[in-house]
Every structure is written in structure tokens, then in C-alpha cells.
Amino acid sequence: MVQELLVALVAALCVGALYVAAGARVVKQYEQGVLFRLGRVSGDVRTPGFNLVIPFVDRLHKVNLQIVTLPVPAQEGITRDNVTVRVDAVVYFRVVDAVSALVKVEDYKFAVSQMAQTSLRSIIGKSDLDDLLSNREKLNQGLELMIDSPAVGWGVQVDRVEIKDVSLPDTMKRSMARQAEADRERRARIINADAELQASKKLAEAAQQMAATPSALQLRLLQTIVAVAAEKNSTLVLPFPVELLRFLERAGGQPGPNGDTPAGIGESAARTGPPPG
């Protein structure tokens, strides 16, 4: 009799252990558990740790609460200024309501992916090419708002949306390259013309200063001689203006040994043709 009781007790303990093992569930730290009892949501969400359910009656669904990185396939569309482009993006979202994510939508990841693709094509059609290339922050905010509005009802929160790449046709790339080259050439010409204008103004001021002070012309000529003579040249060609001789005539005022003045020398040097017989 005692042996039969011991056998029954051991059998009961084994059945109890199997029952507990069948109903034991472990929810990880980054998950939440939603309990369905006979097909209906029962109680609150199960917190991380050990949880016990009724075998064959309860079913525990675990929902990941981590941020999900969802790449959006490249979408081809025509911009508002009639340019064909291909744009791809990435969406960062997470589940904030586990019950809504399981009950209100069949597959929240697939739903967010389809909504992101549709919103991306809509953004392409509403934007210009320049906005897609240079004003991405504003487009990212608009795209995030378009995806997040329906996703709130699914228990999903969109944290960030980023446009990764904008692919252009080869003909458009060549056209943009020619446009950029032409713009750079235009700026270079404007800079050169402005430099010429400033240089001409400075030269005019220098000419006026030299006209007021004739000795400045002689000093400038001497500086030119020094600059040219510093290089290893075998031949030196130097213009000798008649005005310099006239300046020397006014400065000296003394006749030469033959009775000629420096002005006469300058004038005879300035004459062309054979000398008189």
C-alpha cells in the first residue's frame, strides 16, 4: 500500500513537472509578451522574465521592442521638374504598443515597408531635383511624417527616415557636369575682369603719381634694370625714353663738351633716318 502511494506521488510530481515545463515561458529584456487565451487577449502584457501560462489554452506571442532598421527599396519616379530619378531610403522604427502591433495589423514590418515605399514615391513626385540633392533634411522630415501618421494606429513609432542615395541618368549627369563647368568658367572670367579693372585703376594712379613726380619714373627704370640684371642674361634690351633725357636736361642744364645739351642728344637719338651730310 505504501509503495503504491509512493508510485502515485512520484507520478503526480512528474505530471506536475511536465505541466510546469509545458507552461513555462521566458520573455527577454527587449521583448514584451501578449497572452492570448482561447483566441482573446488576456490581461496585460507580460513583462521580461519567467512567465507561466496554461498549456494548450494560452498562447504567448513575443514582440520585439528594439529599433528596427528597414531598408526601403529604390523607387523610380519623375520629379516635379520632369527628371527621372531613383531614390532609396532607410526607416528606423520600433514598437511602442505590443497589443496593437499584433491585433490591428497582420504584419507591421511589411505594412511599414509598403507605406515607406508609397510615401517615397509621393515625395519624389512633389519635389524638384535640386531639393532631392541639396535639401534632404526637409524631405526626410516630410517622409517621416507621412509614414508615422498611419503607423501610430499600428502601435509603431517611426524614429527617423533618411534618404540614402539619388541615382540620376547618365545624360543628366553629363548635363549637370557641363553646367557646373560653364558656371565655373563664368566665375573665372568675372574674377579676371575684376582683377584687370583693379589693376588698370592702380596703374592709372601710378601714372598720375609719376606725372606729378618725374623722378619716380627714373627710380622705376632703375628698379627694372636691377630686376632684369639679377638674372643670368647675356643680352639686355632696355627702352630709353626721350622724356628721361629731357628730365636730365632740366635737372642739369649744362652744355656738353661739343656744345650740345642732353636734350639735343635725346632729340638726335629720337630722330630716324640717316644723319645729315
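Predicted model: local features only at pLDDT ≥ 70, side-chain atom pairs only at ≥ 80, totals over all residues.

**The nonpolar core**

The largest nonpolar core has 36 residues, and those touching the most other members are Val85, Val87, Val91, Phe93, Tyr108, Val112 and Ile147. A nonpolar core here is a set of buried Ala, Val, Leu, Ile, Met, Phe, Trp, Tyr and Cys residues joined through side-chain atoms within 4.5 Å. Buried means under 20% relative accessible area, exposed means over 50%, and partly exposed lies in between, with a 1.4 Å probe and protein chains only. At least two residues of this core come from each of β2, β6, β7, α2 (98-103), α3 (108-126), α4 (129-134), α5 (136-151) and β8 (156-167). The largest share, 7 residues, is supplied by α3. Helices (H or I, at least four residues) and strands (E, at least two) are DSSP runs numbered from the N terminus.

Residues are numbered from 1 along each chain as its sequence is written, and side-chain values use heavy atoms, with hydrogens and water left out.

Which residues does valine 85 touch, not counting those up to four places away in sequence? They are Gln75, Glu76, Gly77, Thr79, Ile124, Leu129, Leu132, Val166, Ser167 and Leu168, where contact means heavy atoms within 4.5 Å.

**Sheet and salt bridges**

Next, the open sheet: 3 strands in the order β3-β2-β5, with antiparallel pairing. Its edge strands, each pairing on one side only, are β3 (40-41) and β5. Two strands pair if DSSP finds at least two bridges between them; β2 (residues 31-37) and β3 have 2 bridges, in the antiparallel sense. Arginine 37 has arginine 40, in β3, as its bridge partner.

Arginine 37 also forms a salt bridge with aspartate 58, at 2.7 Å from N to O. The term requires a side-chain nitrogen of Lys or Arg within 4 Å of a carboxyl oxygen of Asp or Glu. Because arginine 37 lies in strand β2 and aspartate 58 in strand β5, the pair ties together parts that are 21 residues apart in sequence. Are these partners buried or exposed, or in between? Arginine 37 is partly exposed at 34% relative accessibility, whereas aspartate 58 is buried at 7%.

The structure holds 8 salt bridges. Among them, glutamate 76 pairs with arginine 86, with the closest N and O atoms 3.6 Å apart. Glutamate 76 is in strand β6 and arginine 86 in strand β7, 10 residues apart. Glutamate 76 is partly exposed at 41%, as is arginine 86 at 39%.

**The surface**

Finally, a nonpolar surface patch comprises Tyr19, Val20, Val26, Leu38, Phe50, Leu52, Ile54, Phe56 and Val57, with about 960 Å² of accessible area together. Such patches take residues with over 30% relative accessible area and no salt bridge, joining like charges within 9 Å and nonpolar side chains (Val, Leu, Ile, Met, Phe, Trp, Tyr) within 5 Å. Accessible areas come from the Shrake-Rupley method with a 1.4 Å probe; for residues, only the protein chains shown count as cover.

Phenylalanine 56 sits in the loop between β4 (49-52) and β5 (58-64), and is exposed at 86% relative accessible area. Its phi is near 65°, a positive value in a residue other than glycine. Most residues other than glycine have a negative phi. Valine 57, found in the loop between β4 and β5, is partly exposed at 31%.
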